[in-house]
Amino acid sequence: MNEMLTQNDISHVVEADKAHVWHHLIQHAKFDTTDPNIIVEGKGMRVWNQAGREHIDAVSGGVWTVNVGYGRESIANAVRDQLMKMNYFAGSAGSIPGALFAEKLIEKMPGMSRVYYSNSGSEANEKCFKIVRQIAHNKYGGKKHKILYRQRDYHGTTIATLSAGGQDERKGQYGPFTPGFVEVPHCLEYRSQWGEVDDYGIRAANAIEEVILREGPDTVGALCLEPVTAGGGVITPPEGYWDRVQEICKKYDILLHIDEVVCGMGRTGTWFGYQQYGIEPDMVTMAKGVASGYAAISCTVTTEEVFQMFKADPSDPMSYFRDISTFGGCTAGPAAALENMRILEDENLLENTTKMGEYLLEKLEGLKAKHEIVGDVRGKGLFCGAELVKDRDTREAVDESVASAVVSACMVNDGVIIGMTNRSLKGFNNTLCLSPALICTKNDLDQIVESIDTALTQVTAG
Ligand SMILES: Cc1ncc(COP(=O)(O)O)c(C=O)c1O
């Protein structure tokens, strides 16, 4: 831990935090009697808090972000050098790292063509919504403006992205919402809406078609989906799902917007999650892992066909994309993203993700074999979940306090930080989530899973 901070300094930091910082997604009453956790330093897979306690981080900065791990000097240097040369200019102009990162990114995304920069996953998704609405106005007399989203998916924190959010607890009390967003059913086979069937994936996709037909295909502009649902329970797609979804989008001329905010940049073992399933998107959004949290950057990537619709008529002053994001012009983002991508390539981290992901899933299957409370394990690459149930036969979900107790036990016993579905779905905040940095080793995963094993034993013993 940083030797430079004295006990006095740390006490001051804790007091300042308690007095003035409003933490994300936290009920603050507990800080009347306890101190907030302040993360002071990080290296590789590990972080240290204000007490100097070492933790192994199995969730890449809490929210699946720090893909290349902590303490990367080369990213810090790339950002520093870029800031000294040119820190910012509005995105109506170009920048050296902006152009070079876009070129590298498009190399990894065959079929895609243009990169629009902004600074959060929510914002990147909002750009897509604006693109869809503007196309509706320019091409379809305002008609094809509806955007479909899926139950259990999450696309961001703003009112429009919450309107496209399929998690009732994230949305609760924040309405009224933006009109024109319509929900389609989830695709979690473990919680099948049609009982036990052998064509679940096709049924779940056909359920999207039913919504399109109900709404009217001439009113639907886009379908926005996560390739693997993250905060809604780590939902890997069922067999046959994506092929059918793609077919439906083509049939009704509906743009496919893939939200890669979590899956993007290697998390599942390919550059992007959609590439695992042969999907051909029209728009792709990404944020978290793009620069592993070393700078704030998000990208909205489109096909050339989508881009051309905004270029076709220079005589119309309203028909181009009239959007701006002030901090989308910060050069620290693409400078960090370029170095982040170099690390992923030079250290073969996609390969490591695939290998370690298989190992992690195997270890979680081991936990399922040992602990009745583990009802289902799911995952792709270093992105895994274990759903906890009261009863394997009925699949009744455990209360979220049980999942929380497992998370706390890992932290208290071993300093292992794992996650869980959090204020996501009423009655279903019961999935433990794991998304370690893509640099993790078998040894790291052994430590993490052993800790969960002990915690499950402890929690189920009462
Ligand atoms: C799938 C997905 N999309 C979008 C977002 C929103 O990203 P941000 O918090 O950067 O706005 C998140 C955040 O967790 C996410 O998980």
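## Domains and their contact

The domain assignment divides the chain into domain 1, made of 37–68 + 348–460, and domain 2, which spans 73–346; these bounds come from an automatic or database domain assignment. This is a predicted model, in which local features need pLDDT of at least 70 and side-chain atom pairs count only at pLDDT 80 or more, while totals for chains, interfaces and linings use all residues. Residues are numbered from 1 along each chain as its sequence is written.

Taken over C-alpha atoms, the centres of domain 1 and domain 2 are 26 Å apart. The contact between them takes 32 residues from domain 1 and 30 residues from domain 2, where two residues are in contact if their C-beta atoms, placed from the backbone, lie within 7 Å. On the side of domain 1 that touches domain 2, at least two residues each are supplied by α2 (60–64), α12 (349–370), β11, β12 and β15 (431–434), and the largest share, five residues, comes from α12. Helices (H or I, at least four residues) and strands (E, at least two) are DSSP runs, numbered from the N terminus. By residue class, this side of domain 1 divides into 13 nonpolar, 13 polar and six charged residues; Ala, Val, Leu, Ile, Met, Phe, Trp, Tyr, Cys and Pro count as nonpolar, Asp, Glu, Lys and Arg as charged, and the others, Gly among them, as polar.

## Overall form

The secondary structure of the chain comes to 14 helices and 15 strands. The radius of gyration is 22 Å, close to the 23 Å that the globule rule gives for 462 residues, so the chain is as compact as a globular protein of that length; the radius is taken over C-alpha atoms, and the rule is 2.2 Å times the number of residues to the power 0.38. Along the principal axes, the C-alpha atoms fill a box of roughly 65 × 60 × 40 Å.

Of the 462 residues, 49% count as buried, a term that requires 20 or more other C-beta atoms within 10 Å of a residue's own, whereas exposed means 12 or fewer and partly exposed lies in between, with C-beta atoms placed from the backbone. Among contacts in the chain with a separation of 6 or more, 71% are between residues 24 or more positions apart.

Strands pair if DSSP finds at least two bridges between them. Five bridges link β11 to β12 (residues 384–388) in the antiparallel sense, with Val374 partnered by Leu388. Strand β12 is also joined to β15 by four antiparallel bridges, and here Cys384 stands opposite Leu434. On β15, Leu432 is the bridge partner of Met420, in an antiparallel pairing of β14 with β15 that has two bridges.

A second open sheet, of mixed pairing, runs in the order β1-β2-β3-β13. Its edges are β1 (39–43) and β13 (416–417), each with a single partner strand, so one side of each is left without a neighbour in the sheet. Two bridges join β3 (residues 54–57) to β13 in parallel, and Ile56 has Val416 as its bridge partner.

## Ligand shell

The ligand is surrounded by 16 residues, the closest being Ser120, Gly121, Ser122, Gly156 and Val261; a residue counts as near if its C-beta atom, placed from the backbone, lies within 6 Å. Helix α5 (residues 121–140) gives the most to this shell, with three residues. The shell divides into six nonpolar, eight polar and two charged residues.

## Backbone details

Most residues other than glycine have a negative phi, and most peptide bonds are trans. The bond from Gly175 to Pro176 is cis, with omega near 5°, and Pro176 is placed in the loop between α7 (168–171) and β6 (181–184).

Asn348, in the loop between α11 (332–346) and α12, has a positive phi near 50° and is exposed, with 11 other C-beta atoms within 10 Å. Arg395 has a positive phi near 60°; this residue is found in the loop between β12 and α13 (400–414) and counts as partly exposed, with 14 C-beta neighbours inside 10 Å.
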